[in-house]
Amino acid sequence: MLDRAAILEKIPHKGQSCLLDVCSSWTDDTLTALTRVHLIPDNPLRHDGRLGVLVGAEMAMQAAALHGAVTGALNATTIGYLASLRDLEPRCDRLDRAAYGTLTISVRREQKDSAGMVYSFTVCSQLEEPLLTGRGIVMFRAMPPLGALAV
């Protein structure tokens, strides 16, 4: 189990940009995380006071990044970038409903090779009601050497 402080050490998302509170479990191919950040009124991803359901995809891809970190799928010279989202199936219009309680984010790595990884994901309410499902494609890129300018 990883708490928020441990998660912050492993993924590039810092402060309020980190949307995960706890990682409850992981295997070589899966990871489950929990969060209540969708209920925070000053969540930076709110728009017009609402937190849209597609923010769940960002939560899921942060869980995928955490999975890559805890399983060693990425090395110190590689960066993973979200290349696309596919097969998105929203089952609600927003995530910021108190009735959803603690959200569970489950990711499963479906494929990994030298170019990237594919993750399927589900975001569920505390009552295990699916709120969003989909897939994300992460592509790898070599980190520039220290001191090099990024273009």
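Biologist: Leaving aside its neighbours within four places in sequence, which residues is His-38 in contact with?

Modeller: Contact means heavy atoms within 4.5 Å, and by that rule His-38 is in contact with Asn-43, Arg-46, Leu-51, Met-59, Leu-95, Asp-96, Gly-101, Thr-102 and Leu-103. This is a predicted model, in which local features need pLDDT of at least 70, side-chain atom pairs count only at pLDDT 80 or more, and totals for chains, interfaces and linings use all residues. Residues are numbered from 1 along each chain as its sequence is written, and side-chain values use heavy atoms, with hydrogens and water left out.

Biologist: Why is His-38 called buried?

Modeller: Buried means under 20% relative accessible area, exposed over 50%, and partly exposed in between, with a 1.4 Å probe and protein chains only; His-38 has 0%, so it counts as buried.

Biologist: What lies 2.8 Å from a polar atom of the side chain of His-38?

Modeller: That is the backbone oxygen of Gly-101.

Biologist: How do you know that the protein is as compact as a globular protein of its length?

Modeller: Read along the sequence, the protein follows the pattern α-β-β-α-β-β-β-β. Its radius of gyration is 15 Å, close to the 15 Å that the globule rule gives for 151 residues, so the protein is as compact as a globular protein of that length. The radius is taken over C-alpha atoms, and the rule is 2.2 Å times the number of residues to the power 0.38.

Biologist: How much of the protein counts as buried?

Modeller: Of the 151 residues, 39% do.

Definitions and conventions
Helix = DSSP H or I, 4+ residues; strand = E, 2+ residues; numbered from the N terminus. Polar contact = N/O pair within 3.5 Å; in protein donor to acceptor, adjacent residues only side chain to side chain.
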